[in-house]
Amino acid sequence: MATFEATKITYHPGTVTREERQKALGQQGVTVWFTGLSGSGKSTIAVAVEQVLIQRGHAAYVLDGDNIRFGLNAGPKILADTRGYGEDQAKRFGLGFSAADREENIRRIGEVAKLFADAGLITLTSFISPYRKDRDAARKVHEGNKAGAIPFVEVFVDTPIGTCEQRDPKGLYKQAREAVAAGKGMGFTGVDDPYEAPTSPELTLNMATQSVEEGVAAVLNYLAERGLIRA
Ligand SMILES: Nc1ncnc2c1ncn2[C@@H]1O[C@H](COP(=O)(O)OP(=O)(O)OP(=O)(O)O)[C@@H](O)[C@H]1O
Ligand SMILES: [Mg+2]
């Protein structure tokens, strides 16, 4: 079978302008990127914001870390079990939790979020996204978009690790502490893998001191103040 290599790919611009798209949809696209430790409340706040936006007639959609790892960014085992990938192929395309795989996970999500936001959706992403350079790269993909900058709002869910660990709904901190105590380690963010806090996020929330309702209000107020949603 012949293999064709795409050595010269030329960007093909569309003809629909940003203004035409906004007018048709009655809103403009934006990515709201939630980052924080496991258990900090990213998914909780993202789905709550999505619910309110939809009720208010906005088109919004959550890209959630756990869910995406079943599909687009599935690991080798899921690809082998559900897609029939052979061992080599599953290893090649599946993503785990090494630093390189986490980077690729976030790279793909940054690109997908950009496409969704470019299509006019209010896109809410809830990924730990522990490394600063990976989040900055996602921002760059939005702000440097060829057809015009797309707003990127980084929301730091700054819940102290003590609270996250106490809530531990998935039992992952417990598992990680046990793995570390056994001398094995798990590469778990905040325990034996670093979390690099944002240096200048657009918004910071603390889900230990704020209720979900307060967090939702803070996000909506920010978006309204920036003129990104109807007030
Ligand atoms: N403001 C809050 N007040 C009280 N409990 C909260 C609050 N926000 C979230 N929680 C609880 O904290 C736990 C962790 O929340 P959530 O699953 O949203 O975290 P996450 O950041 O998405 O974690 P992960 O990265 O592991 O997916 C859940 O049990 C949730 O109900
Ligand atoms: Mg989550």
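The cut-offs I used: a residue is buried if 20 or more other C-beta atoms lie within 10 Å of its own, exposed if 12 or fewer, and partly exposed in between, with C-beta atoms placed from the backbone.

**Ground rules.** I am working with a predicted model, in which local features need pLDDT of at least 70 and side-chain atom pairs count only at pLDDT 80 or more, while totals for chains, interfaces and linings use all residues. Residues are numbered from 1 along each chain as its sequence is written, and chains are lettered from A and ligands numbered from 1 in the order in which they are written.

D168 sits in the loop between α8 (161–167) and α9 (172–181). I take helices (H or I, at least four residues) and strands (E, at least two) as DSSP runs, numbered from the N terminus. D168 is not a glycine, yet its phi is positive, about 30°. S129, also not a glycine, has a positive phi of about 40°. I found S129 in the loop between β3 and α7, and it is buried, with 27 other C-beta atoms within 10 Å. A note for context: most residues other than glycine have a negative phi.

**The sheet.** I traced an open sheet of five strands, ordered β2-β3-β1-β4-β5, with parallel pairing. Strands pair here if DSSP finds at least two bridges between them. β2 and β5 (203–205) are the edges, each pairing on one side only. From one strand to the next, the twist averages 20°.

**Strand β1.** Five bridges join β1 to β3, and β1 pairs with β4 over five bridges. Six of the six residues of β1 are buried, so the strand is largely enclosed by the rest of the structure. V30, V32 and F34 point one way, and T31, W33 and T35 the other. T31 has F152 of β4 as its bridge partner.

**F34 up close.** I then followed F34, whose bridge partner in β3 is S126 and which stands opposite V155 in β4. Beyond neighbours within four places in sequence, its contacts include K42, I45, A46 and L124. Contact means C-beta atoms, placed from the backbone, within 7 Å.

**Core.** Which residues have the most contacts inside the largest nonpolar core? They are V32, F34, I45, I122, L124 and V155, in a core of 35 residues. Such a core is a set of buried Ala, Val, Leu, Ile, Met, Phe, Trp, Tyr and Cys residues joined through C-beta atoms within 7 Å. Elements giving two or more residues to this core include β1 (30–35), β3 (122–126) and β4 (152–157).

**Helices on the sheet.** Helix α7 (residues 132–143) lies across β1 and β4, at about 155° to β4. Axes are lines fitted to C-alpha atoms, for helices over the stretch in contact, and angles run from 0 to 180 degrees between N-to-C directions.

**Ligand 1.** I counted 19 residues around ligand 1, of which S38, G41, K42, S43 and T44 come nearest. Being near means a C-beta atom, placed from the backbone, within 6 Å. α2 gives the most to this shell, with three residues. The shell divides into four nonpolar, 11 polar and four charged residues.

Definitions and conventions
Nonpolar A, V, L, I, M, F, W, Y, C, P; charged D, E, K, R; others polar. Contact = placed C-beta atoms within 7 Å.
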